[in-house]
Amino acid sequence: MPTVEITIHGPITHGHDYTEVRCPTCSATHSHLIRGDLDDDAVPVTLTCVNGHDVPLPAASELDPRELLFTVAMRAE
Ligand SMILES: [Zn+2]
């Protein structure tokens, strides 16, 4: 059960104009914590900001939460 929890330093950007993923509560764009399971895609991938608020990934973006999780997990190795 490789459940991972990885801190992403720096902003998460998406789209052609590199829009930053921003916390709707405190507007933080840095040090998000991403959690998920690399094997089980039934486990939702969640993102929280540096202050622990839930940060929804923009629905209209081409940013796939699982893809993001894998990218980050590979970078963290
Ligand atoms: Zn926040």
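Cysteine 23 counts as buried because its relative accessibility is 2%, where buried means under 20% relative accessible area, exposed over 50% and partly exposed in between, with a 1.4 Å probe and protein chains only. This is a predicted model, in which local features need pLDDT of at least 70 and side-chain atom pairs count only at pLDDT 80 or more, while totals for chains, interfaces and linings use all residues. Residues are numbered from 1 along each chain as its sequence is written, and side-chain values use heavy atoms, with hydrogens and water left out.

**Zinc site**

- Cys23 (SG), Cys26 (SG), Cys49 (SG) and His53 (ND1) coordinate the zinc ion at 2.0 to 2.3 Å, donors being N, O and S atoms within 2.8 Å of the metal (3.2 Å for Na, K and Ca), and since water is not among the atoms, sites may look incomplete.
- Along the chain, the donors of the zinc ion follow the spacing C-x2-C-x22-C-x3-H.
- Cysteine 26, with a relative accessible area of 29%, is partly exposed.

**Strands**

- Strand S1 (residues 3-8) has a covered face formed by Val4, Ile6 and Ile8, and an uncovered one formed by Thr3, Glu5 and Thr7, strands being DSSP runs (E, at least two residues) numbered from the N terminus.
- In a regular strand the side chains alternate between the two faces of the sheet.
- S1 and strand S4 (residues 32-37) run antiparallel and are joined by six bridges, where two strands pair if DSSP finds at least two bridges between them.
- Threonine 7 has leucine 33 as its bridge partner in S4.

Technical notes
Helix = DSSP H or I, 4+ residues; strand = E, 2+ residues; numbered from the N terminus.
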